[in-house]
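Hello,

I am handing over a structure for you to look at, with some notes on what turned up in it. Please open it first and then read on.

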Amino acid sequence: MKYISKFIALFAIGMMATACTENETAELSAPLEVSTPSVSAISATSAVVSVTATGSHITSRGICYSTSANPTINDIKVPGSQANMTLMLHSLSKSTTYYVRGYAQTDNNVVYSEEVNFTTLAKESTSDLDDWVAPAYPDDYRSVSSWEKRSQWNLGNVHDPSVMKADDGYYYMYCTDAGFGDPQAGHGHFHARRSANLVDWEYLGATMPNTPAWVMDKLNEIRKNMGLGNSTANPNDYGYWAPCVRKVKSGLYRMYYSIVVPGTIDGANTWSERAFIGMMETADPASNIWEDKGFVITNYSDKELNYKVAPDDWTNCYFKYNAIDPTFVITPEGQHWLIYGSWHSGFAAVQLNPETGKTIVDPLPNPWGAENEVAYGKQIWTRQAGNRWQASEGPEVVYHDGYYYLFMAYDALEIPYNTRVMRSATIDGTYTGNETVLTHPYKFANNQGWVGISHCAVFNDGNGNWYYASQQRFPVGYDDWAPNAVMLGGVRSIQWTSSGWPVVMPERYAAVPQVAITKEEIVGTWEHIDLGYQYGVMKESTTMTFAADGSITDGIWKGGTWSFDASTNTLTANGVELKVQRECDWEATPRKHTIVYSGINNSKSYWGKKN
C-alpha cells in the first residue's frame, strides 16, 4: 500500500505542476535584477548602503565592497535577507575610497549591479558623537538567560570565546559549553553568535549537534595500546571546551575544539582520563553548518605508562601536555601551527599540514615515550620550569608587526583570573617579556566591579583595529549568588604602545565615534586603577587630577607632570605612556561616552576613566 500511496502522491504533484498558469511559470523564472546601490550616512568609519535584488531561485543577495574597482562576492560582502535591503558597513578606514556593488546569487549564477563609490571622512565629527547611542542591554542578564530566551542573550552566557571576522563582514564568536543554569545542555555544543558591530550579537545555535563518535573510538584505540579495556565514560558527561576559530582562506574556516573525557585512566589512584582536540570546517559561517574532520591531537605523557598517580597528586600528574585550549596561527610565510595546553607543564606548539589541518606527523605515534614527544609538539612556554601543575591556561597567539604575541590566563577561574602577555620573533619561541598583567579584577566607582576576566580571544578587523574578548563575572557577594555562574562576554579595544606591546582598554567596546581628542579634554578628574598583580584582590579606582598647566595635583601620581600628543592619542603621565581613546562609561546612569586610558610600566597596567 505504501508504494501505491507514494505513486498517487507523485501523480498529484505532477498534475499540480502542469496546472500552473503562464503567469506563475513566468514568475518562477523571473530574471535576476539588482538596482544601483545608493550610499548615505557616510562617516569616517561607516556608511549605509541601500539596494534592491529580485528574481527567482535566489540563494543569497546583498552588497560586496572593496577598495578596488569591480568588487565581487570574493571580496567583503554583507548579506541581506529581503529584496529591498538597507545594510550598514562598519570598521571602514578613514579617508578611503570604497567601491560597492549589489549582488544576487543562484546555484549557477551571480548578477551584479552597476558600481558606485564613496569616500569616508577624514575624521569623526562632533555630530557623530552627539548622535551616538549607548548599548541598552543589561549586564545582569539572568532574566533572559534561559534557553527559551536565547534570542535575547546578546553576550550573556559567553565563556572562553573565540572570535573571527568572516568574508561576509560579520564577526563570529564561538565558546565553551557553559552558562547560567546550563541552558545549552541538550542543545548541541560550541554555540555560535555573530555581530556586525561588536556590540549587538545574534545567537546562531550549536555548531556541533551531536558528540562525534571518533572521540570514544580514538580513546579506546589508545587504551588498547596501553593494555587497558574499553572506556566506560558516558559521552553525555564529556566537557566541551575552548574552541578556536580562524579563517584559513576565502570559503574555508576551521574550528579547533577540546573534548574532555571524565573519570580516571584505570580506577582509583590513577590519573584523570585524557582530552582530545578535534577540528571542524565550514565554507560559510553564516550557515552554521560545520563538517567534523575528527581527531587532531591528544594528551602526551613523558612518563611512559606510569599513570598510577592519584588524581589529586598535582605535582606528579601523568600528562606533560594537556590537549585543551587550542589556538591556531597561520604565519606570514604560510605555515600552520597549533598551540595548546593548560596547567600541565605549560604550552606546546605543533606544526600542521595546511591542506588537512592535521599534524605534520599523521597518524601520530602513541602519546607517551620520549621518542614520540616531538610529534606532539615543542614546549614554548612554562610558568615555572619543572612544575607539573601550574595555574596557566588558555593560550592565544597572534602575529603583529614582526612578533608573535602569546596571551594567557593566570590563576584560578573564579576571582583571581588575570591575563598576561609575552612575545617571540618566531612562532615556536622563545617567548619572553615580564609577563605583563593586561587585565585583572577591578572596580570603578558606582559599580560592583568585575572578576574572572581572562581566557581571551585576540582578533582584528582587517583595518588595523585590534580587539580583546573574554568572559567577565560579578564579584563574590553580589546579590548573594555564586560569582562563577553568570558569565557575560566582554569585548575591549586593544592599542599598541610605541615599544610594540598591547594594552587593553578598561571599558568594553561600544562603537563610540573616535572624534579627535584634545588636550583640553584631558584636564580634569579621572578614576585611576593600578593593576599591579595581587592574587584574588579586586583593584579599586582612586582619584587622579590633571591640571591645565600640565601638573598632576591629586592622586597617587600627585606632584608629577603630564603631556598629551593628539597625533597618536598618547598621554604621558608621571613618565608612563598611556593610550587614550573614547569609550562608553558603562558605570554611569544613564550610560554615556567618556575618555579612557590604558598603559603599561614595569610589567603592570594602569587603567583610567574621565569623570
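**What I found**

Is Ile330 buried, partly exposed or exposed? Its relative accessibility is 32%, so Ile330 counts as partly exposed. Beyond its neighbours within four places in sequence, Ile330 is in contact with Lys247, Val248, Gln335 and His336.

**The model as a whole**

Please keep in mind that this is a predicted model. Its mean pLDDT is 92, and 95% of the residues reach 70 or more. The stretch to treat with care is residues 1–27, where pLDDT stays under 50. For that stretch the model has 2 contacts beyond four places in sequence. Where pLDDT is low, the predicted coordinates should not be read in detail.

The protein has 5 helices and 39 strands. How does its radius of gyration agree with that of a compact globule? For 611 residues such a globule would have a value near 25 Å, and the protein has 27 Å, which agrees. Along the principal axes, the C-alpha atoms fill a box of roughly 90 × 70 × 50 Å.

Of the 611 residues, 55% are buried. If you take the contacts between residues at least 6 apart in sequence, 59% of them join residues at least 24 apart. The protein exposes about 25300 Å², and carbon and sulfur atoms supply 49% of that area. As for charge, there are 45 positive and 64 negative side chains, and the centres of the two sets lie 2 Å apart.

Thr54 lies in strand β3, residues 47–54. With 31% relative accessibility, Thr54 counts as partly exposed. Not counting residues up to four places away in sequence, Thr54 touches Pro31, Leu32, Glu33, Arg61 and Ala83. Thr54 and Tyr103 are 49 residues apart in sequence, while their C-alpha atoms are 9.8 Å apart in space.

Ser470 is in strand β28, residues 466–473. Its relative accessibility is 1%, and because buried means under 20%, Ser470 counts as buried. Which residues is Ser470 in contact with, leaving aside its neighbours within four places in sequence? They are Pro161, Ile453, Ser454, His455, Cys456, Leu488, Gly489 and Gly490.

Gly386 is found in the loop between β21 and β22, the latter covering residues 392–400. Its relative accessible area is 78%, so Gly386 is exposed. Gly386 and Thr331 are 55 residues apart in sequence, and the distance between their C-alpha atoms is 30 Å.

**Some backbone details**

Most residues other than glycine have a negative phi, and most peptide bonds are trans.

The bond from Asp362 to Pro363 is cis, with omega near 5°. Pro363 lies in the loop between β20 (347–352) and β21 (378–381). A cis peptide bond also joins Thr589 and Pro590, where omega is about 0°. Pro590 has its place in the loop between β37 (576–585) and β38 (592–601).

The others concern phi. Asn157 is not a glycine, yet its phi is positive, near 60°. Where does Asn157 lie? You will find Asn157 in the loop between α3 (126–131) and β10 (162–165). Asn157 has 0% relative accessibility, so this residue counts as buried.

Ala242 has a positive phi too, of about 45°, although it is not a glycine. Ala242 belongs to strand β14, residues 239–249. With a relative accessible area of 2%, Ala242 is buried.

Enjoy exploring, and write back with any questions.

Best wishes

Note on methods: Residues numbered from 1 in each chain as written. Predicted model: local features only at pLDDT ≥ 70, side-chain atom pairs only at ≥ 80, totals over all residues. Heavy atoms only, no water. pLDDT = per-residue confidence, 0-100. Contact = heavy atoms within 4.5 Å. Helix = DSSP H or I, 4+ residues; strand = E, 2+ residues; numbered from the N terminus. Rg over C-alpha atoms; globule rule 2.2 N^0.38 Å. Buried < 20%, exposed > 50% of the residue type's maximum accessible area, 1.4 Å probe, protein only. Areas by Shrake-Rupley, 256 points an atom, 1.4 Å probe, with all protein chains shown as cover. Lys, Arg positive; Asp, Glu negative; His and termini not counted. Charge placed at Lys NZ, Arg CZ, Asp CG, Glu CD.
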